[in-house]
Amino acid sequence: MELMVPVKDGEVWAEDSGEPGGRGRPGDPGGDALPLVLVHPGVADSRVWDGILPRLTERYRVIRYDARGYGRSPAPTAPFSLVDDLTAVLDHFDVARAFLAASSMGGTTAIGLALGDPGRVAGLALLVPGITGNPDFLMAEFTAEVGRLAQAGDMDGIVALVKRTSAAAGAGNDPAEALIRAVIPAWFAVHPHQVPDPPAFDRLGELDVPCVLALGERDAPEVVRCNEEMAARIPGCRLVRLRSSDHFPTLREPDAVTEIILEACAAAG
């Protein structure tokens with residue numbers, strides 16, 4: 001079921017798979033399990049989950065959505081918070097508690113919710129996650145270069161830059177390129193309105209939910225370093241190294257990512 005979900009001063013596109021496999025009877029795999037919510041990265045919209053979605057929906061009720069300005073969601077027109085929007089999506093679907101699988105920017109959002117409202121998060125599967133509050137993760141040179149290219153109107157240059165930094169594992173007709181090209185306008189539409197969520201890096205030790213963090217060994221070095229330190233700071237976090245992945249693990253190693261998410265969901269109960 002696809003629909004537009006109201007959020008503060010706007011709306012976002014969302015999709016709810018319904019009960020797993022169309023069944024959901026007691027005793028069916030995942031029938032009495034908590035919903036699984038997918039939160040996409042900043043380098044792609046919710047289509048980044050397309051390749052692994054069928055296996056997830058066989059076992060769980062899966063909810064995914066496009067953040068404001070991304071994919072099928074309208075651009076924001078007023079200040080907003082990514083964590084508040086995730087909360088609004090959960091509220092709309094009457095989900096009091098969920099397991100979150102989240103990538104990059106989505107990981108930042110998922111961690112923010114787990115720290116701010118821990119009762120709503122049963123567990124976390126973090127894929128190449130971002131984080132607020134780590135000065136070493138600001139990637140100031142990248143941001144400055146994107147700004148320079150944008151001023152020059154060089155969309156192809158921005159795409160090439162993102163491919164070099166975040167999609168190094170791609171080859172030939174890389175599906176990541178279309179996702180990157182589609183979201184770049186969202187970056188500029190969202191930037192004036194997005195309210196940064198509170199710093200979380202120094203609070204990672206407060207997380208008290210089952211957590212697995214998967215990093216891509218072919219990701220940007222500063223992201224790899226940050227992910228390693230995040231996993232070390234999160235109590236009980238299991239670190240998985242995806243050797244063939246960059247910042248698009250669902251495209252590079254879909255089977256491994258699916259297993260990571262399913263195993264983490266099962267462990268969280």
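Contacts, cores and helices

Me: Which residues is Leu36 in contact with, once its neighbours within four places in sequence are left aside?
Reply: In this predicted model, Leu36 is in contact with Leu56, Tyr60, Arg61, Val62, Ile63, Phe99, Ala101, Ile261 and Cys265. Contact here requires heavy atoms within 4.5 Å.

Me: Which residues have the most contacts inside the largest nonpolar core?
Reply: They are Leu36 and Ile261, in a core of 46 residues. The largest share of this core, 8 residues, is supplied by α6. Another core, of 41 residues, lies apart from it, and includes Ala14, Ile63, Ala88 and Phe93.

Me: Why is Pro20 called buried?
Reply: The relative accessible area of Pro20 is 1%. Buried means under 20%, so Pro20 is buried. Pro20 sits in the loop between β2 (10-16) and β3 (36-39).

Me: How far apart are Pro20 and Leu262, in sequence and in space?
Reply: They are separated by 242 residues in sequence and by 13 Å in space, C-alpha to C-alpha. Leu262 belongs to α9, where it is buried along with Val257, Thr258, Ile260, Ile261, Ala264 and Cys265.

Me: How do you know what helix α9 should span?
Reply: At 1.5 Å a residue, the 15 residues of α9 (254-268) should span 21 Å. The end C-alpha atoms of α9 are 21 Å apart, so the two values agree. After α9 comes Gly269, with a positive phi near 85 degrees.

Me: What should helix α3 span, and how far apart are its end C-alpha atoms?
Reply: The 12 residues of α3 (105-116), at 1.5 Å each, should span 16 Å, and the end C-alpha atoms are 17 Å apart, so this agrees.

Me: What makes α3 mostly covered?
Reply: Of its 12 residues, 10 are buried. Among them are Met105, Gly106, Thr109, Ile111 and Leu115. The buried residues of α3 pack against β3, β4 (62-65), α2 (82-92), β5 (98-103), β6 (121-127) and α7 (221-233).

Me: How do the axes of α5 and α6 cross?
Reply: The axes of α5 (155-166) and α6 (175-190) come within 10 Å and cross at roughly 115 degrees. The crossing is right-handed. On the α5 side the contact is made by Met155, Asp156, Ile158, Val159, Val162 and Lys163. On the α6 side it is made by Glu177, Ile180, Arg181, Ile184, Pro185, Trp187 and Phe188. By class, this contact has 9 nonpolar, 4 charged and no polar residues.

Terms used:
Residues are numbered from 1 along each chain as its sequence is written. This is a predicted model: local features need pLDDT of at least 70, side-chain atom pairs count only at pLDDT 80 or more; totals for chains, interfaces and linings use all residues. Side-chain values use heavy atoms; hydrogens and water are left out. Axes are lines fitted to C-alpha atoms, for helices over the stretch in contact, and angles run from 0 to 180 degrees between N-to-C directions. Helices (H or I, at least four residues) and strands (E, at least two) are DSSP runs, numbered from the N terminus. A crossing is left-handed if the near helix is turned anticlockwise from the far one by less than a right angle, and right-handed if clockwise. Ala, Val, Leu, Ile, Met, Phe, Trp, Tyr, Cys and Pro count as nonpolar, Asp, Glu, Lys and Arg as charged, and the others, Gly among them, as polar. The expected span of a helix is 1.5 Å times one less than its number of residues. Buried means under 20% relative accessible area, exposed over 50%, partly exposed in between (1.4 Å probe, protein chains only). A nonpolar core is a set of buried Ala, Val, Leu, Ile, Met, Phe, Trp, Tyr and Cys residues joined through side-chain atoms within 4.5 Å.
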